Every structure is written in structure tokens, then in C-alpha cells.
Amino acid sequence: KIDKVLENKDDWTVVDLKTGKGFDDWEEGKADYDKLKLHKYKQQLMMYKLLVENSRDYHKHEVTSGVLEFVEETQKNADHTQTHAEKILELKLEFNDKEIERLKKLVNVVYQKIINLEIIDIEKYEKSLEGVKEFEDDLISGKI
């Protein structure tokens, strides 16, 4: 579910709200956990672009960028029924045609694996960003 869309005529920016630790840039992740998280966030925003641009109702709009807004809770009412969130960081992603095409290929391959009930052994892949990218590349190339 897309949290928010910023409209500028036919150009849209999709916005996803995140809680927890924020990032200042896409290369900030030092630990494998953060690198993987940023990779998944990027894919999520690109997937929103694909979903909007290929939807029945919104396909006339071009999604030109995606934004992650990292928010934190700042206030509760006395009865604890309402909270307020404040944006603490914003991370913008300008979409890259090469990355979008790669994601399209990956989505198509994964879809085929799912409908064919193909279970893939992932034990040989490192549990790191490099391992995930190797796995994705192997899926796209048809190695697995």
C-alpha cells in the first residue's frame, strides 16, 4: 500500500513512511543489515512505480521518483488514543531505467517460479547484500 503520492500534473512521487532508524543517503549502510534494508527499500519504491504505471486507473501518470520519510512519534493525548508523527529524515530516489528493467525481469522470474511451485535452495548464497544480488542475478540469468 502506498502511503502518500505527491502529484505534479502527470508526474508523481510515491512516498513511503518508515519508523525506526533513518538513513541520510542510499549508500549510508555500513553493516550488512542496513545495506540489505536499503536494497529492499529501493526495490519497494521501484515496485510502487511499476504498480502505478501498469495499473488500470493510474497508468497515465509517470512516477518519476520515490521518497522514504522516516518518522517518529512525538506526542500522545492524555487518553493515549491519538498519536502524532513528525518527519525526521527524508531519503529521495530518482528512478534509474536500468534498475527498473532489472526489477521487471526479477519480478517476472519470481512470478514464474511461484506459479510453477519451484522451490529454490538458497543455502549457497551469503546472507549479505552481495549474496542477495548474486541470487537475484542467478534468477534473472536463468542459472536457477
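Q: In this predicted model, which residue just after helix 2 takes a positive phi?

A: The residue is Leu117, which follows just after helix 2 and takes a positive phi of about 55 degrees.

Q: What is found at the other end, at the start of helix 2?

A: There, a side-chain oxygen of Asn96 reaches to within 2.7 Å of the backbone nitrogen of Lys98.

Q: How does the span of helix 2 from its first C-alpha to its last stand beside the one expected at 1.5 Å a residue?

A: Helix 2 has 19 residues and reaches 27 Å between those two atoms, which is close to the expected 27 Å.

Q: Which residues of helix 2 are buried, and what do they pack against?

A: The general idea is that an α-helix has 3.6 residues a turn, so residues three or four places apart point the same way. In this structure the buried residues of helix 2 are Ile100, Leu103, Leu106, Val109 and Lys113, and these buried residues pack against helix 1 and helix 3.

Q: How much space lies in the largest pocket, and which residues are the closest to its centre?

A: About 390 Å³ of space lies in the largest pocket; of the 16 residues that line it, His39, Lys42, Glu99, Leu129 and Lys133 are the closest to its centre. The elements that give two or more residues to this lining are helix 1 (32–53), helix 2 (97–115) and helix 3 (129–141), and helix 1 gives the most, with six residues.

Q: How many residues of each class are in the lining of the largest pocket?

A: By class, the lining has eight charged residues, five nonpolar ones and three polar ones.

Key. Residues numbered from 1 in each chain as written. Predicted model: local features only at pLDDT ≥ 70, side-chain atom pairs only at ≥ 80, totals over all residues. Heavy atoms only, no water. 1 Å grid on protein atoms, 1.4 Å probe; cavity = no way out; pocket = protein on both sides within 12 Å on 5 of 7 lines; lining within 4 Å. Points joined across faces, edges and corners; volume = space filled by probe spheres on them. Helix = DSSP H or I, 4+ residues; strand = E, 2+ residues; numbered from the N terminus. Nonpolar A, V, L, I, M, F, W, Y, C, P; charged D, E, K, R; others polar. Expected span 1.5 Å × (residues − 1). Buried < 20%, exposed > 50% of the residue type's maximum accessible area, 1.4 Å probe, protein only. Contact = heavy atoms within 4.5 Å. Polar contact = N/O pair within 3.5 Å; in protein donor to acceptor, adjacent residues only side chain to side chain.
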